[in-house]
Amino acid sequence: MSTAAEELRAYLDEVTPALHRAWPDNRSFAARLAWQRALHLGGWAAPHWPVEDGGRGLGILDRLACDAELARAGAPDIAGVFGIKNVGPTISRFGTPGQRASLPRILSTEEIWCQGFSEPDAGSDLASLRTRAEPDGDGFRINGQKVWTSDGMRATHCMLLVRTDPGARPHQGISVLLVPLDTPGIERRPLRQITGDHEFAELFFTDVHVPADSLLGPLNEGWRVTMTTLGHERAGVVELANSLQRDVKKAVAGFPDGVADPVLRQELARRYVEARTVGLLGRDVLRALSAGEQPGPAQSVIKLGWSLTTQRLGETLLDAAGPAAIAAGDGPEVHRFLRGRASTIAAGTTEVMKNILAERVLGLPKG
């Protein structure tokens with residue numbers, strides 16, 4: 001075990017008993033907030049961040065070892081996952097000193113960030129976005145709508161993608177604004193999912209004024225900034241891919257007398273092979289990232305494999321649980337199955353991933 005993992009294990013052994021007693025339902029947002037705050041107090045909220053940003057600057061092997069320790073401790077996803085995984089690293093790269101002041105607040109949960117990317121007519125095709133930000137005195141005036149914004153009802157801030165030059169080509173004339181969600185003119189509406197949860201929101205912007213220092217990166221070069229964010233999002237999926245192996249092992253361990261049904265046993269074996277393959281690919285990509293390489297289109301292979309395997313695992317576990325689980329309502333197997341339907345949509349649809357792989361990895365002509 002690495003030194004970092006040993007340190008994290010010792011810290012988790014100290015703090016997790018009280019957390020589990022206080023928050024037995026780790027799925028709740030309040031529980032995730034409590035866990036992140038506890039990790040932050042120990043300096044473990046974002047160990048992959050550079051030391052100067054409040055992290056520990058861990059490399060690939062240490063990061064994987066620490067992920068395993070968090071899984072062993074039964075830690076849920078952190079509450080500010082988008083701020084820590086995606087927005088924070090982007091602010092670190094492009095932000096002004098004033099904007100970088102958000103980094104410690106992201107770690108502490110004082111700021112919870114969402115990403116204002118998708119729109120009703122611009123989902124995976126972000127270049128089609130229509131939300132505008134026009135010059136307005138000492139800043140910008142924003143009008144438009146975002147949809148399927150993850151954590152949109154809980155977030156305090158939004159990394160907003162807007163069109164600042166409507167006459168430019170689709171991938172040009174786009175900028176990124178950092179917007180507090182308590183700014184006048186912003187309306188949020190929850191979107192109910194098939195699971196009954198409200199993890200997503202619609203965001204409406206009506207004559208929303210933000211100051212000029214809200215601009216992240218150069219004006220009209222938001223596509224380059226956004227590709228950094230999306231690259232970290234793909235890298236986050238790579239880390240999730242490694243957890244798939246643990247999910248399958250945990251599922252098999254749930255059968256104390258073994259898996260008697262040969263069909264189910266074969267299905268679980270397939271899921272493990274799929275998860276193991278995606279996990280090994282993920283290790284290779286994370287190793288490249290730790291060596292300083294920027295996230296690239298090859299990570300779409302991981303995203304595609306993770307999406308399909310996550311969905312299939314939910315189906316297999318629901319089959320194993322049988323009709324009683326369905327009749328019982330929102331049990332863990334049913335919830336996982338229903339939530340898994342979104343895995344081939346979130347962070348880029350399967351169709352878009354296949355196009356990226358065909359054009360940018362395999363070098364095939366556009367259809």
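At 8% relative accessibility, threonine 109 counts as buried, where buried means under 20% relative accessible area, exposed over 50% and partly exposed in between (1.4 Å probe, protein chains only). The model is predicted, so local features need pLDDT of at least 70 and side-chain atom pairs count only at pLDDT 80 or more, while totals for chains, interfaces and linings use all residues. Residues are numbered from 1 along each chain as its sequence is written, and side-chain values use heavy atoms, with hydrogens and water left out.

**Two positive phi values**

Let us stay with threonine 109 for a moment. Its phi is near 80 degrees, a positive value in a residue other than glycine. Threonine 109 sits in the loop between helix H6 (102-108) and strand E1 (113-116). Helices (H or I, at least four residues) and strands (E, at least two) are DSSP runs, numbered from the N terminus. Tryptophan 148 also has a positive phi, of about 55 degrees, although it is not a glycine; tryptophan 148 belongs to strand E3 (residues 139-150). As background, most residues other than glycine have a negative phi.

**Two helix pairs**

Two packed helices are described by the angle between their axes and the distance between the axes. Here, axes are lines fitted to C-alpha atoms, for helices over the stretch in contact, and angles run from 0 to 180 degrees between N-to-C directions.

Helix H1 (residues 3-22) packs with helix H2 (residues 29-41) at an angle of about 155 degrees, their axes lying 11 Å apart. H1 and H2 are therefore roughly antiparallel to each other, a label for angles over 145 degrees, with under 35 counted as roughly parallel, 65 to 115 as roughly perpendicular and the rest as oblique. The crossing of H1 past H2 is right-handed; a crossing is right-handed if the near helix is turned clockwise from the far one by less than a right angle, and left-handed if anticlockwise. On the H1 side the contact is made by Tyr11, Leu12, Thr16, Leu19 and His20, and on the H2 side by Ala34, Trp35, Ala38, Leu39 and Leu41. Contact means heavy atoms within 4.5 Å. By class, the residues of this contact divide into 8 nonpolar, 2 polar and no charged. Ala, Val, Leu, Ile, Met, Phe, Trp, Tyr, Cys and Pro count as nonpolar, Asp, Glu, Lys and Arg as charged, and the others, Gly among them, as polar.

For H9 and H11, the axes come within 8 Å and cross at roughly 150 degrees. That makes H9 roughly antiparallel to H11. H9 passes H11 in a left-handed crossing. Gln311, Leu313, Gly314, Glu315, Leu317, Leu318 and Ala321 of H9 meet Glu333, Val334, Arg336, Phe337 and Gly340 of H11. This contact has 6 nonpolar, 3 polar and 3 charged residues. H11 has Val334, His335 and Gly340 as its buried residues, and what covers them includes helix H9 (299-321) and helix H10 (323-328).

**Around serine 343**

A polar atom of the serine 343 side chain lies 2.7 Å from the backbone oxygen of glycine 340. Leaving aside neighbours within four places in sequence, serine 343 is in contact with Lys303, Trp306, Ser307, Thr310 and Gln311. Serine 307 itself is placed in helix H9. The C-alpha atoms of serine 307 and serine 343 are separated by 4.9 Å, although the two residues are 36 apart along the chain. Not counting residues up to four places away in sequence, serine 307 touches Ser343 and Thr344.

**Buried residues side by side**

| Residue | Relative accessibility |
|---|---|
| Serine 307 | 0% |
| Serine 343 | 5% |
| Threonine 164 | 16% |
| Glycine 95 | 18% |

Threonine 164 lies in the loop between strand E4 (157-163) and strand E5 (174-180). Its side chain makes a polar contact with the side chain of asparagine 220 (2.5 Å). A polar contact is a pair of N or O atoms within 3.5 Å; within protein, one must be able to donate a hydrogen and the other to accept it, and residues adjacent in sequence count only if both atoms are side-chain atoms. Beyond four places in sequence, the residues touched by threonine 164 include Ala133, Phe140, Ile174 and Leu219.

Glycine 95 is found in the loop between helix H4 (81-94) and helix H5 (97-100). Not counting residues up to four places away in sequence, glycine 95 touches Thr90, Arg100 and Leu216. From glycine 95 to arginine 270, 175 residues apart in sequence, the C-alpha to C-alpha distance is 44 Å.
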